[in-house]
Amino acid sequence: MKKILFPLLFILTYFQSLGQETITKYLSGTDKNNTVLWDFYCTEGRKSGEWFKIPVPSNWELQGFGTYNYGHDKVKGNEQGRYKHEFNAGNAKGKKVFLVFEGSMTDTKVMVNGKSAGPVHQGSFYRFKYDITALLNANDKNLLEVTVDKTSANQSVNNAERKSDFWVFGGIFRPVYLELVPERFIDRMAINAKADGYFAVDVYPSNLVGTEVIEAEVQTLKGKKVAAAFSKGVANVDHVTLTSSFAKPMLWSAEFPNLYQVLVTLKDSKGALHKVKQKFGFRTVELRKNDGLYVNDAKIILKGSNRHSFWPETGRTLSHNVHTLDANLMKEMNMNAVRMSHYPPDQDFLDVCDSIGLYVLDELTGWQQKYDTEVGKKLVKELVVRDVNHPSILFWDNGNEGGWNTELDNEYKLYDPQNRTVIHPWEKFNGTDTKHYPDYNAIVKTSASGQEVFFTTEFMHGLYDGGAGAALDDFWSEMLKHPHAAGGFIWAFIDEAVIRTDKNNIYDSDGNHGPDGIVGPHREKEASFFTIKEIWSPIYVAPMSIDTFNGTILLENRYSFTNLNQCTFKWKLVNFPNAGNKSTQALTKSAGNIKPIDLKPGEKGNLRLTLPANWNKNEAFYLTAYGPDNKEIFSWSWQISQKLVTPALLSANNQKTKISVKDAEGIFELNCDGIVYYFDKSTGFLQKVLKPSGTVSLSNGPMLAGVKSSLRNWTSRQINDQWVINAEYGGEGSLNAKWTFSTGQPVKLEYNYSQMGDFDYTGITFNYPEEKITGMKWLGRGPYRVWQNRLKGQQFGVWEKAYNNTVTGETWQFPEFKGYHSDVNWVTIQNEESNFTVYSGNKNTYFQMLRPAREKDALSNNNVEPAFPDASIGFMNHISAIGTKFQSAKQMGPQSQKAQLKGEKISGILWFDFTR
């Protein structure tokens with residue numbers, strides 16, 4: 001008998017235990033990859049007037065229904081979506097059943113079995129729920145009917161959400177589920193856990209009789225008890241505050257995101273009634289007036305971006321994989337923060353930020369216009385109640401750019417025992433200055449005289465390939481001079497380009513409204529990604545000259561909590577394959593680890609390396625730093641010696657024949673090693689190269705880039721075994737070019753030029769037909785192009801890429817082919833005729849490959865369309881800078897200014913190898 005009773009007792013205990021916990025039953029799918037089909041009827045636009053099936057969650061436009069709307073566009077889709085879904089709630093006897101919506105745009109009316117579940121919900125990005133216990137057919141089918149109006153009946157909701165600078169998508173775009181809880185239950189809790197170990201939790205129970213007790217037990221995430229449980233009785237109050245104190249808890253920060261969980265149990269004399277677990281972190285956030293932003297008594301600098309909840313095929317309906325992808329990309333860029341723009345994100349994204357360490361600004365929607373007070377109060381409550389326990393959240397944003405209702409400022413603290421600071425993004429408010437899109441001079445002024453804690457919540461507007469990383473180096477250096485600096489947030493993380501199901505699946509970023517990300521719509525990395533990664537490295541490497549390098553590198557620890565002895569460093573010395581080698585792989589000649597350096601946050605010190613005695617005989621030096629998590633922080637690289645051309649670099653089949661010339665009227669022909677070079681005597685330019693295997697259509701050079709000049713003198717003569725051609729040009733600038741032809745040697749071009757004035761770029765150029773170019777291979781920094789104000793982030797090495805016509809922000813094939821490339825030693829122009837290689841005899845040579853195509857919707861002021869020479873390829877000493885959406889390059893700081901030349905001579909040497 002005992003053998004029978006024991007298993008039965010165990011089973012009863014087991015199911016009683018299950019009954020103590022909240023049961024979640026999904027009626028929809030959980031994310032974009034896991035959906036459930038519901039019946040759907042759209043009233044207007046595509047596929048309207050007929051019942052279909054639609055996946056839930058989803059945005060109906062991306063499923064082929066209704067009308068696409070970008071917030072402040074002129075086309076306004078006002079369709080209504082009607083949903084039907086049958087469900088069985090299961091055994092709900094003795095339980096309360098809540099129907100929960102995580103997000104639905106915009107007005108949502110809910111019916112269960114033909115009866116209203118409650119008031120119509122207004123507001124798109126917020127969790128709301130209804131008690132539907134009395135409406136259910138127990139253990140039977142139930143009919144859920146949901147009507148979603150894309151346009152709200154409340155004009156302030158439309159103003160705050162629809163008249164916005166982001167896509168407006170209709171539908172139930174986040175999950176829908178049932179919550180089954182005991183009749184006496186814990187509705188919610190709000191935690192305040194401080195860095196000194198103080199712990200308090202406000203617990204809001206429901207349906208109590210007054211004799212219950214609430215108990216809290218803090219645990220590790222694996223369920224191990226940290227200390228004894230603590231409890232408090234309940235009697236005639238709407239909530240109970242339980243407090244305790246813990247000795248030396250592991251603290252939460254973006255650098256060390258240590259998490260705990262608290263198990264809260266509602267009990268009576270018979271035992272547990274309801275159990276709820278909640279993750280949290282011990283940490284203290286302080287905004288110190290006229291000082292800075294502190295976490296756990298350490299000053300922090302926010303390095304972040306603004307992130308829309310977005311995926312091109314599914315709009316606002318995302319997944320855990322997307323959330324982790326985004327957060328990990330931010331961490332890879334050495335970011336430590338993210339601002340929610342311009343609405344609360346999926347709950348799961350905040351969980352990810354908690355777990356991997358990202359500081360968060362959580363935002364009530366209000367893009368330049370505000371909710372009215374009545375609806376705003378409801379939405380503030382929904383926002384804070386859902387998100388209050390996330391240690392990652394440092395601030396509440398009450399709207400954006402004037403879209404704040406000041407009557408809501410004091411509402412947040414009603415639900416937040418931490419009393420986080422409320423800010424008005426772009427305004428001086430509550431001791432903060434969050435000015436949007438300051439130019440460089442404004443940053444200088446603010447750094448010199450600003451009193452508030454300064455962190456711009458939007459700056460470096462990354463339209464197309466402008467902004468983001470461009471000029472960030474100057475801005476960041478100046479921002480850190482502010483005595484109350486707290487960082488900033490780049491606009492924006494993602495290019496918001498939706499795949500239009502009504503336009504043959506093209507990408508649409510609504511002109512120049514959406515293509516402003518650091519990464520593309522599918523998270524393709526743009527060049528600014530790597531620039532930001534270097535500039536925001538928590539280990540700052542001071543500029544140094546490799547020519548005077550003595551094995552010591554000056555570092556600054558820009559972490560807030562990490563000593564650099566918790567990081568690791570590795571070095572290596574490398575050589576590179578020659579241009580004729582098919583490989584691009586560097587050859588490591590020697591490598592080693594570096595003894596950790598004891599450097600506290602904010603300190604500077606010397607990292608000492610023990611290198612081989614002949615270290616400077618190699619071609620490049622790499623230094624890589626890894627954080628406490630063993631992930632790469634950044635790899636710095638320095639060119640040691642110039643990869644000069646030598647006879648051994650030429651092909652073995654060089655014919656080495658005697659030089660011959662033909663001086664005809666207007667054309668000068670020179671034959672060296674079986675290759676014929678044609679010069680136009682009226683311009684002095686090389687016009688083409690003829691090989692036995694065919695023509696190389698290199699022409700119209702060397703030309704002085706971007707200025708008018710004309711031929712003043714042209715001569716050709718033989719000097720011993722060499723043939724020398726000289727061309728002299730005058731006009732707006734002077735240029736002297738000297739060609740030297742020697743058998744068995746590459747063709748040598750020596751040149752010098754001088755100009756007076758301010759110039760976007762300087763150098764010499766040639767033409768080569770774009771339609772014949774198939775690719776390029778080079779030794780220099782890569783693999784991305786650069787601008788004068790975005791040189792950081794690229795690594796020195798051998799790179800190769802095929803021709804593409806990528807327009808950043810409109811197409812996403814990276815790295816882009818066209819543009820400027822830095823520190824080029826040699827470059828092979830791959831083409832349909834015959835590949836040829838050009839070597840540079842000078843360090844710091846920029847190579848121009850063609851001219852990027854114009855963006856279809858670029859601004860009329862061309863801030864993000866830098867100047868380029870008209871020619872196809874160029875060897876440059878100065879290159880163009882790029883601006884942002886709101887500022888031209890000249891407003892963006894010292895590195896963004898034009899070259900100022902005063903007539904000094906600039907010289908260079910190039911070698912041309914046409915033998916391959």
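This report walks through a few strands, a cavity and some aromatic pairs in a predicted model.

## An open sheet of six strands

Let's start with a sheet. Six strands make it up, running in the order β3-β2-β5-β11-β8-β9, and the sheet is open with antiparallel pairing. At its edges sit β3 (51–56) and β9 (115–116), each of which pairs on one side only.

Further in, take β8 (residues 107–112) and β11 (residues 141–149): six bridges link the two in the antiparallel sense. If you want one spot to look at, find Val110, whose bridge partner in β11 is Val146.

## β25, a buried strand

Next up is strand β25 (residues 302–307). Six of its six residues are buried, so this strand is largely enclosed by the rest of the structure. In a regular strand, side chains alternate between the two faces of the sheet. Here Leu302, Gly304 and Asn306 point one way, while Lys303, Ser305 and Arg307 point the other way, and all are buried.

What does β25 pair with? One partner is β33 (residues 485–490), joined in the parallel sense over four bridges; there, Leu302 stands opposite Gly487. Another is β26 (residues 337–340), also parallel and also over four bridges, with Met340 as the bridge partner of Arg307. To get from β25 to β26, the chain passes through helix α3 (residues 320–332), and this β-α-β crossover is right-handed.

## A cavity and its lining

The model has three cavities of 30 Å³ or more.

## Aromatic pairs

The rings of Phe280 and Phe199 have centres 5.0 Å apart and planes at 50°, so the pair is tilted. Phe199 belongs to strand β16 (residues 198–206) and Phe280 to strand β21 (residues 271–280), so the pair ties together parts 81 residues apart in sequence. Both are buried: Phe199 has a relative accessible area of 0%, and Phe280 has one of 1%.

Now for Trp739 and Phe766. Their ring centres are 6.4 Å apart and their planes lie at 75°, so this pair is edge-to-face. Trp739 is in strand β51 (residues 733–741) and Phe766 in strand β53 (residues 762–767), so the pair ties together parts 27 residues apart in sequence. Both residues are buried. They also belong to one aromatic cluster, with Tyr677, Phe679, Phe741, Tyr768, Phe836, Phe912 and Phe914.

Definitions and conventions
Residues numbered from 1 in each chain as written. Predicted model: local features only at pLDDT ≥ 70, side-chain atom pairs only at ≥ 80, totals over all residues. Heavy atoms only, no water. Pairing = 2+ DSSP bridges. Buried < 20%, exposed > 50% of the residue type's maximum accessible area, 1.4 Å probe, protein only. Right-handed = clockwise from strand over helix to strand, strands pointing away. 1 Å grid on protein atoms, 1.4 Å probe; cavity = no way out; pocket = protein on both sides within 12 Å on 5 of 7 lines; lining within 4 Å. Points joined across faces, edges and corners; volume = space filled by probe spheres on them. Phe/Tyr/Trp six-rings, centres within 6.5 Å; stacked < 30°, edge-to-face > 60°.
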